[in-house]
Amino acid sequence: MQFSVDEQSRILEMAWEDRTPFEAIEHQFGLNEKAVIKLMRKSLKLSSFKLWRERASGRKTKHLLLRSSSVSRGYCPTQYKQR
């Protein structure tokens with residue numbers, strides 16, 4: 001798949017977000033978890049990719065089946081501040 005710069009930027013942003021599950025990325029952009037990992041590997045420096053992989057691997061909120069039912073939204077309430 002070919003993505004615009006804005007779409008690719010949004011995919012990378014969603015992948016870094018703790019509360020955005022891989023399933024949401026797949027629903028919106030058609031990329032499964034393996035494809036997201038491949039895109040992140042290609043787009044990030046090696047050290048940044050390793051940090052992201054370690055972070056994403058340990059997050060239950062990155063997978064819908066593992067996340068608690070109390071997590072009902074894809075972002076933290078303080079993430080998007082009023083301007």
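The side chain of T20 makes a polar contact with the side chain of E17, at 2.5 Å. Such a contact is a pair of N or O atoms within 3.5 Å; within protein, one must be able to donate a hydrogen and the other to accept it, and residues adjacent in sequence count only if both atoms are side-chain atoms. The model is a predicted one, in which local features need pLDDT of at least 70 and side-chain atom pairs count only at pLDDT 80 or more, while totals for chains, interfaces and linings use all residues. Residues are numbered from 1 along each chain as its sequence is written, and side-chain values use heavy atoms, with hydrogens and water left out. T20 sits in the loop between α1 and α2, and its relative accessibility of 5% makes T20 buried. Here buried means under 20% relative accessible area, exposed means over 50%, and partly exposed covers what is in between (1.4 Å probe, protein chains only).

Turning to the overall fold, the protein has four helices and zero strands, and its elements run α-α-α-α from the N terminus on. Helices (H or I, at least four residues) and strands (E, at least two) are DSSP runs, numbered from the N terminus. Of the 83 residues of the protein, 28% count as buried. The protein exposes about 6,200 Å², of which carbon and sulfur atoms supply 52%; these areas come from the Shrake-Rupley method with a 1.4 Å probe, and for residues only the protein chains shown count as cover. Contacts (heavy atoms within 4.5 Å) also reach along the sequence: among those between residues at least 6 apart, 59% join residues at least 24 apart.

Within α1, the residues I11, L12, M14 and A15 are buried. Seen down the axis of α1, the buried residues fall within an arc of 165 degrees, so they line one face of the helix; the arc is that of the directions from the helix axis to the C-beta atoms. These buried residues pack against α2 (22-29), α3 (33-43) and α4 (46-57), whereas the exposed residues V5 and D6 are carried on the face turned away from the buried side.

A search of the whole structure finds three aromatic pairs. Rings of Phe, Tyr and Trp (its six-membered ring) pair if their centres lie within 6.5 Å; planes under 30 degrees apart count as stacked, over 60 as edge-to-face and the rest as tilted. The rings of F3 and F29 have centres 6.1 Å apart and planes at 80 degrees, so this pair is edge-to-face. F3 lies in the segment before α1 and F29 in helix α2, so the pair ties together parts that are 26 residues apart in sequence. F29 is buried, with a relative accessible area of 11%. F22 and W52 also form an edge-to-face pair, at 6.3 Å centre to centre and 90 degrees between the planes. With F22 in helix α2 and W52 in helix α4, this pair ties together parts that are 30 residues apart in sequence. Both F22 and W52 are buried, and ring pairs link F22, F49 and W52 into a cluster.

E33 is partly exposed, with a relative accessible area of 28%.
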